[in-house]
Amino acid sequence: MPRRRAARRMVWTLVGALVVTAALAGVVAWQNTYALREEKVSLRHEGKLLQGVLALPERGDGPFGLVVFVHGDGPVDATHETFYRPMWEAFARAGYASLSFSKPGIGGSQGDWLAQSMEDRAEETRAAVAWARGRPDIDGRRIGLWGASQAGWVLPKVAARDPRLQFVIAVSPAVNWLRQGRYNLLAELDRDGATAEEKEAALRRRATTLRLLEREASYSEYRRAVGDVDAMTPARWSFVTRNYRSDATADLRAMGGTPVLLVLAGHDVNVDVAETEAVYREALPPTSLKITRYPGATHSLVDHDVERSQWRLTLTAVFAPRKLYADGFLDGQAAYVTGLGIRKGTA
């Protein structure tokens, strides 16, 4: 009899585990299902094929407004490994579709994103906007840009050349490559509790790197001079060499009256948000600029308490991806595009 009871307990334990597993799988599937219709799309730009996603509102034939996504740094695919989908859903509920292409060399797109300049990325974005204006389900009067971090050097270039854009949403945007790099270096050292000597050594390495960039040194020269190259590959060195002089100030001034939503985080170790805000305020007409701050957010607008705990970050990403973002961020962006009017001359 004891053996039978033990066997029954094992059976019921297994059944319980299966039920819990099935329930968790259901929760994951439900939380990762979005009120969207996603369509795989492609665009040929400068002889290369770019693969992307057009995320349309769940219902209706349009024409819909459109948010064109401009990625930050790194090898980003069209969905940003699904990180964009909660934003796409929020925009869809406001009547806007979202368009995002994988970077060259990523997600089926041809080319190499590390071979691009910020000018190249701006022209690529303009091509995406032009492609979208040719679709009957997109309202050409209601097309705007969304971009984060490194996109801060791309968004103003595009908006300065295309006054028909309805808006720009700039999330944690960088302004000056060199100043941002120094800020990021020191902020990360402070966060990690570096000593004064460690900071001085890091700044010396940075000064050496800048001298090498200024004289267009090769990667092998860089490696000999700096030694510990971390993640600096030959391709990355070429990318930095091509872009380290980037500064968004002139392009911001050339944007005119394009409405801009500037989104800033309170725990941003990548971008000096005080400098970014000051430059945007000085360069843009006050009537066109709206600033929203999320004190509890990190650079990526993820909740700071969630991001600093790996297990919380993983569980939230799997079981409640909409909760990754700082409270109010998704609704705030949707409210912004909902409140925009169609400017004269944008048809």
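Reader: Is Thr-287 buried or exposed?
Author: This is a predicted model, where local features need pLDDT of at least 70, side-chain atom pairs count only at pLDDT 80 or more, and totals for chains, interfaces and linings use all residues. Residues are numbered from 1 along each chain as its sequence is written, and side-chain values use heavy atoms, without hydrogens and water. Buried means under 20% relative accessible area, exposed over 50%, and partly exposed in between (1.4 Å probe, protein chains only). Thr-287 has a relative accessible area of 81%, so the residue is exposed.

Reader: Which residues touch the most other members of the largest nonpolar core?
Author: A nonpolar core is a set of buried Ala, Val, Leu, Ile, Met, Phe, Trp, Tyr and Cys residues joined through side-chain atoms within 4.5 Å. The largest has 61 residues, and those touching the most other members are Leu-66, Leu-99 and Tyr-280.

Reader: Which helix gives the most to this core?
Author: Helices are DSSP runs (H or I, at least four residues), numbered from the N terminus. With six residues, the one that gives the most spans residues 118–133 and is α3.

Reader: Within what arc do the buried residues of α8 fall?
Author: In α8 (residues 234–243), Trp-237, Phe-239, Val-240 and Asn-243 are buried. The arc is that of the directions from the helix axis to the C-beta atoms. These buried residues line one face of the helix, because seen down its axis they fall within an arc of 160°.

Definitions and conventions:
Helices (H or I, at least four residues) and strands (E, at least two) are DSSP runs, numbered from the N terminus.
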